[in-house]
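Dear colleague,

Please find the structure below, together with its sequence. My notes on it follow.

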Amino acid sequence: MPKTYMVGNWKMNQGLHELNEFFIQIDKADLPQGNFWIAPQMIHIHKLLEKTNINSLKVGAQNCSDQESGAYTGEVSAKNLAEMGAQFVILGHSERRSLFKEDDQFINRKVKQALRNKLIPILCVGETLEQREAGKTLETVLGQVEACLDGIRPTSADQLILAYEPVWAIGTGKTASPEQADEVHSEIRKKLDQLFPDTGKEISILYGGSVKPSNIKDLLSQKNVNGGLVGGASLKASDFIELCKATK
């Protein structure tokens with residue numbers, strides 16, 4: 001069985017005050033054991049690593065460079081993230097694709113950098129509203145999966161996580177119905193099984209797109225939904241705690 005994860009993507013949010021308040025509540029909560037991860041801004045990774053050494057949360061990054069080192073001003077290497085103590089990195093998020101024009105080949109190089117440095121890549125794939133309305137959801141999503149994982153052969157299902165995030169549901173309050181999500185997750189599962197016969201059945205596939213406490217149980221009840229990649233609802237400790245508890 002694939003593992004279940006709840007991953008908070010804080011994006012460019014949470015200053016030090018909010019971060020400290022978040023962990024005051026987390027430390028008071030009866031958080032169950034599980035795969036509960038948070039990706040803060042890069043500048044706060046060290047701070048979160050200090051905060052999470054007393055609970056079950058793990059810390060990662062929202063992005064990394066496709067290069068290991070060199071004259072790339074403003075970039076952050078997977079190697080240095082791993083040295084810092086980060087354990088995973090979110091790659092191919094729709095905001096990186098749309099705002100920073102990252103394509104599948106560029107993301108593929110980032111995934112390889114992450115794996116080379118023993119970071120777990122959370123590879124995001126998803127379609128826009130226009131692509132969905134044109135009937136191109138599966139063509140788009142499965143094409144991204146194949147291109148972004150080109151030349152990659154995980155030896156363990158734990159080395160890689162996928163996240164399906166319909167772009168039209170991110171930060172809009174709209175959510176793919178549990179059935180819509182499971183339909184796409186099922187096809188991603190088939191593609192992973194085709195690409196990786198030894199590990200594809202066990203690689204976790206998360207859903208991302210306006211995930212919140214009110215819809216998480218219905219999403220997790222679907223056969224092929226193995227957790228959530230959460231934006232806004234991960235910023236509020238009480239909501240994130242509820243999301244984590246829902247995995248149990």
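Is Ser234 buried or exposed? Ser234 is buried, with a relative accessible area of 0%; buried means under 20% relative accessible area, exposed over 50% and partly exposed in between, for a 1.4 Å probe and protein chains only.

This is a predicted model, in which local features need pLDDT of at least 70 and side-chain atom pairs count only at pLDDT 80 or more, whereas totals for chains, interfaces and linings use all residues. Residues are numbered from 1 along each chain as its sequence is written, and side-chain values use heavy atoms, with hydrogens and water left out.

Ser234 sits in the loop between β8 (227–230) and α10 (237–246). Helices (H or I, at least four residues) and strands (E, at least two) are DSSP runs, numbered from the N terminus. The side chain of Ser234 reaches the backbone oxygen of Gly231 at 2.7 Å. Leaving aside residues up to four places away in sequence, Ser234 touches Gly8, Asn9, Trp10, Phe22 and Phe240, where contact means heavy atoms within 4.5 Å.

Strand β5 (residues 120–125) is mostly covered, with six of its six residues buried. In a regular strand the side chains alternate between the two faces of the sheet. Ile120, Ile122 and Cys124 on one side of β5 are buried, as are Pro121, Leu123 and Val125 on the other. Four bridges join β5 to strand β4 (residues 88–91), and the two run parallel; four bridges also join β5 to strand β6 (residues 161–164), again in parallel. Two strands pair if DSSP finds at least two bridges between them. Ile122 is the bridge partner of Ile90, and in β6 the partner of Ile122 is Ile161.

The largest pocket holds about 510 Å³ of space. A pocket is an open set of points on a 1 Å grid over the protein atoms alone, where a 1.4 Å probe fits, with protein on both sides within 12 Å along at least five of seven lines; lining residues have an atom within 4 Å of a point. Its volume is the space filled by probe spheres set on the points. Of the 20 residues lining the largest pocket, Lys11, Gln62, Asn63, Arg96 and Phe100 lie nearest its centre. Helix α4 (residues 94–99) gives the largest share of that lining, three residues.

The second largest pocket holds about 240 Å³. It is lined by 18 residues, and Gly171, Ser210, Val211, Gly231 and Gly232 are the closest to its centre.

How values were computed. Polar contact = N/O pair within 3.5 Å; in protein donor to acceptor, adjacent residues only side chain to side chain.
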